[in-house]
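Colleague: Please pick one part of this model and go through its surroundings closely. I would like the pairing, the packing and the cut-offs behind each term.

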Amino acid sequence: MTYLASLVLTLGLGSGLGWQARESMLRRAHVPMADAVEAYRLFASAEGRPPVDVTGQDGAIQHWLERTFVQAPALPNLERFGLIPVGGRLMATDTGAAAMVLYRDTKGRQVIFYVRHPNSQRDVGHGSRRESDVTADYWSGQGYNFALVSPSEASFDTLREAISQRPPL
């Protein structure tokens, strides 16, 4: 009987502690705005012209964003960094729709502005993370999660510094 009780106790403790460790690992595995980084890798790093749903002429991208999202945010004005919006694409995520807006400078370098409704996910807060050659600056506001994803090269440091001080919305 003592053997059976200690076996049950050991299994119970092991299961409980194992479940707690699993939950802890899952929380650490959640990387803020990982979908934005993947969108950058798919579209901004593509050679030539990446496929887009709308092109950026005469406010067409802002109008498209407003048709796509309720109380859509204004596109950030990145002209002082030499970047203009050139196209947008609607994306599907596990929590609903997201939009990716592609910006390009005169040298052909590209960044993306990514917006999605948090739905069941929490706000991502405000932060920055680097994943190999890409940096994602992210923040939450106006009921949405945002990211500005750019190459990690030093020429984009001024843009990232401006984003970290005050998100462009």
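This is a predicted model: local features need pLDDT of at least 70, side-chain atom pairs count only at pLDDT 80 or more; totals for chains, interfaces and linings use all residues.

Modeller: Strand β4 (residues 110–116) pairs with strand β7 in the antiparallel sense, over 5 bridges; two strands count as paired if DSSP finds at least two bridges between them. Residues are numbered from 1 along each chain as its sequence is written, and side-chain values use heavy atoms, with hydrogens and water left out.

For orientation, the protein holds 4 helices and 7 strands, where helices (H or I, at least four residues) and strands (E, at least two) are DSSP runs numbered from the N terminus. The order of elements from the N terminus is α-α-β-α-β-β-β-β-β-β-α. Of its 169 residues, 38% count as buried, buried being under 20% relative accessible area, exposed over 50% and partly exposed in between, with a 1.4 Å probe and protein chains only. In β7 (residues 144–151), 8 of the 8 residues are buried, so the strand is largely enclosed by the rest of the structure.

Within β7, tyrosine 144 stands opposite glycine 141. The hairpin of β6 and β7 has 2 residues between the strands, and glutamine 142 takes a positive phi near 55° there. Most residues other than glycine have a negative phi. Serine 132, in the loop between β5 (127–131) and β6, also has a positive phi, near 50°. Serine 132 is exposed, because its relative accessible area is 54%.

Next, the aromatic side chains. The structure holds 5 aromatic pairs; rings of Phe, Tyr and Trp (its six-membered ring) pair if their centres lie within 6.5 Å, and planes under 30 degrees apart count as stacked, over 60 as edge-to-face and the rest as tilted. Tryptophan 139 and phenylalanine 146 have ring centres 5.7 Å apart and planes at 25°, so this pair is stacked. The pair of tyrosine 144 and phenylalanine 146 is tilted, because its planes stand at 50°, with the centres 6.3 Å apart. Phenylalanine 146 counts as buried, at 0% relative accessibility. Tryptophan 139 and tyrosine 144 are also buried, with 4% for tryptophan 139 and 4% for tyrosine 144. Ring pairs join Phe69, Phe113, Trp139, Tyr144 and Phe146 into a cluster.

A nonpolar core is a set of buried Ala, Val, Leu, Ile, Met, Phe, Trp, Tyr and Cys residues joined through side-chain atoms within 4.5 Å. The largest such core has 21 residues, of which Tyr103, Val111, Phe113, Val115, Leu148 and Leu159 touch the most other members. At least two residues of this core come from each of α3 (60–68), β3 (96–104), β4, β7 and α4 (157–165). Another core, of 19 residues, lies apart from it and has Val37, Ala44, Ala147 and Val149 among its members. In soluble globular proteins, nonpolar side chains tend to be buried together.

Leaving aside neighbours within four places in sequence, leucine 159 is in contact with Leu78, Phe81, Leu83, Val111 and Leu148, contact meaning heavy atoms within 4.5 Å. Alanine 36, found in helix α2 (residues 34–44), touches Ile112, Tyr114, Ala147 and Val149, not counting residues up to four places away. Alanine 36 counts as buried because its relative accessibility is 0%. The C-alpha atoms of alanine 36 and leucine 148 are separated by 8.1 Å, although the two residues are 112 apart along the chain. Across the protein, 57% of the contacts with a separation of 6 or more join residues 24 or more positions apart.
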